[in-house]
Amino acid sequence: MICDPVVALEAPAEELRFVSTSRPQGGRSPGERRIGPFGRPAFAFIVLALPALWVGWLVYRYGVDTPWGDEWDSTRLLVEKMQAGTLGLADFSAFHNEHRIFFPRLLTFALAKLTHWNVRAELLMIWILACVCSLNLWRVAQVTGWRNSRMRHWLLLGTNVLLFSPLQWENLLWGFQIGFFLPLATTTACLWVAPSLRRPFDFLATVFLCLISTFSIASGFASWFLTAPLLLLWNGKTRARGEKTWWLGWLFIGVASICFCFRGYARPATHPSVLEALNHPFRAIQFALAYLGTPFFGTAPNASAVASVASAALVLLFAACLHYLWRWRRDRTLLAHSLPWVSLASWALVNAFLTMLGRLGFGIFAATLPRYVSFAIMLPIGLLFLASLVFRHWREQSDIGMSAVRTGRGVFVLVTALSLLVICGTIKSLESWSRFQHSRLTGKALLLLVNIVDEPQALVRYVHWDSPSLKGWTNTLDRLGYLRPALVQSRHVREIAYGSMPGTMGEFEEISRNPGGEFVASGWAILPESHRTADGVLLTYDDSQGDPIIFALAEVKYKRADVSQRLDDKAYFRSGWVKPLEAGQIPANSRWIRAWAFNAEKCRAFQIGAASLESPKAVP
């Protein structure tokens, strides 16, 4: 059938379809149900859900129940103030760097109360929010003309592959990053809520969603600007009574929320000046391109340069689509179908620009952090649908002949190249998941032993930069029952010791003296039942009664290709440990040093060997 665009605009928004004015669309009867490329709907759902299920399994496999970094300055502080009876609304709306994270704080605090701060609950919430983003984008596809298109399954599969990219491992394994995924969920919801809900419910719903975005992350204020055109230009709705009043109210709340969000902001002393972008414009462009290219790092020797080229190609494609839409701006159907995807791609560009202003002084490497993948990925996702809409419209409205073939080939080459980069980057990123898990488990081991061993430098690396305060913070959380397992309170290792056979879980290979006369202990340690390297190695000395006393914790992080080859398992490649023993750590009358592989999740220690201080050779 042939449909006039003006008539199409008067239909309900979710029923709008992009229809050719030159030929029928498919030639099937109105009641005929089309089977997609993945078969029946149930099987298609499973295929589309596979990326989410895989990432969900990765989060379950590598997630660790221990606070890290900013969580100590946010959730821990709220818990302590709650216990002291001083918790107030201002504590939730206070700045965290340049962000007012009111709603993420509210959500994490509620989860902490319900679960006694089980960080795994926060990781589950992050995964759920990612799934909400996926459902939102599916709904956007529904209201922008893809409901009956066979191509929608491929576009949605590509969307989920990108959205659930393991390259964003830091966001998926760090509970604090609820503050990233919550505004992503609300902003993507605006893209379908604004065009599909009737007046005035679209105003009410988008106000609620934009407020959450604004008070979740610094760039959240942009959701107002990205949503306004969707409310303004989607003209297939019946005007509400008091339309101007609703618009004035919507605009007033938007302006007031943005003003309040940044009221009282002071740049942290450790953050670079925003004037860096003006002083170094070429570096600013490099930074923005590197940010947008984080989903395409691949495995090339100069991965950041490859990613910058990939992002530059996407930006040019986006500019070409905008140019085409401007030429066909009188085609209201095309404009209405394209605008949500323009807003989604623009969301990535806005975040790249704002991050560049705030982080350029740290160097280009600051643009390539895995945490930014979650925002940068919105550019290629938006272009998947936007470029498809533009190309289809171009093909149907013009007699383009070989031009379409050449353009199609060019797009195919670009998509293939980007897909290969995503695949290579995904494979490489899996190493980061296990390394991040080991880092968090090392931090957990340090926390469990914070009353027993003194390792301030390790605490800074693995737990929090304010190590002098960590001991007090940790004991407070332990008293409240917010740490699992409970802290180790005794230096006697027998209270957490379990039997093991030397050689099966590690070896205490050597103890020697360095030129300064201090002892250096070394070996390797693993946890076979958990299929990972040990979370740390406890070192003990025997007291006068022969009872092993904990006095140090060694980090397990050194490459041991020989161990990996002997056990025929790459998971044990970094199973080596080395620990210099400072003078005064070991009593003068001690004769034996013992090493214990430590499992921080279960708070268990397994002896892997011993060494006499009177002879340099370690023994089982």
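Is Val 460 buried, partly exposed or exposed? At 40% relative accessibility, Val 460 counts as partly exposed (buried means under 20% relative accessible area, exposed over 50%, partly exposed in between, with a 1.4 Å probe and protein chains only). The model is predicted, so that local features need pLDDT of at least 70 and side-chain atom pairs count only at pLDDT 80 or more, whereas totals for chains, interfaces and linings use all residues. Residues are numbered from 1 along each chain as its sequence is written, and side-chain values use heavy atoms, with hydrogens and water left out.

**Figure 1. Overview of the chain.** The chain contains 22 helices and 13 strands; helices (H or I, at least four residues) and strands (E, at least two) are DSSP runs, numbered from the N terminus. Of its 620 residues, 55% are buried. Among contacts with a separation of 6 or more, 73% join residues 24 or more positions apart, contact meaning heavy atoms within 4.5 Å.

Figure 2. Val 460 belongs to H20, which covers residues 456–462. Apart from neighbours within four places in sequence, Val 460 is in contact with Trp 465 and Ser 467. Leu 470 is 10 residues from Val 460 in sequence, and their C-alpha atoms are 9.6 Å apart.

**Figure 3. Packing of helices H6 and H7.** H6 (residues 119–146) and H7 (residues 151–163) pack at an angle of about 155°, with their axes 11 Å apart. Axes are lines fitted to C-alpha atoms, for helices over the stretch in contact, and angles run from 0 to 180 degrees between N-to-C directions. H6 and H7 are therefore roughly antiparallel (angles under 35 degrees count as roughly parallel, over 145 as roughly antiparallel, 65 to 115 as roughly perpendicular and the rest as oblique). Their crossing is right-handed; a crossing is left-handed if the near helix is turned anticlockwise from the far one by less than a right angle, and right-handed if clockwise. By class, the contact of H6 with H7 has 10 nonpolar, 3 polar and 1 charged residues. Ala, Val, Leu, Ile, Met, Phe, Trp, Tyr, Cys and Pro count as nonpolar, Asp, Glu, Lys and Arg as charged, and the others, Gly among them, as polar. The residues of H6 in this contact include Trp 138 and Trp 146, and those of H7 include Arg 152 and Leu 156. The buried residues of H7 include His 153, Leu 157 and Asn 160.

**Figure 4. Packing of helices H16 and H18.** The axes of H16 (residues 332–359) and H18 (residues 378–397) lie 7 Å apart, at an angle of about 155°. The two helices are therefore roughly antiparallel, and H16 passes H18 in a left-handed crossing. Contributors to the contact include Trp 341 and Trp 347 of H16, together with Phe 385 and His 393 of H18. By class, 13 nonpolar, 4 polar and no charged residues take part.

**Figure 5. Packing of helices H14 and H15.** H14 (residues 281–292) packs against H15 (residues 303–327) at about 90°, with their axes 7 Å apart; the pair is therefore roughly perpendicular. Gln 286, Leu 289, Ala 290 and Leu 292 in H14 meet Ala 307, Ser 308, Ser 311, Ala 312 and Val 315 in H15. This contact has 6 nonpolar, 3 polar and no charged residues.

**Figure 6. Ala 266 in a loop.** Ala 266 lies between helix H12 (243–262) and helix H13 (276–279). With a relative accessible area of 55%, Ala 266 is exposed. Phe 95 is 171 residues away from Ala 266 in sequence, yet 9.2 Å away in space, C-alpha to C-alpha.
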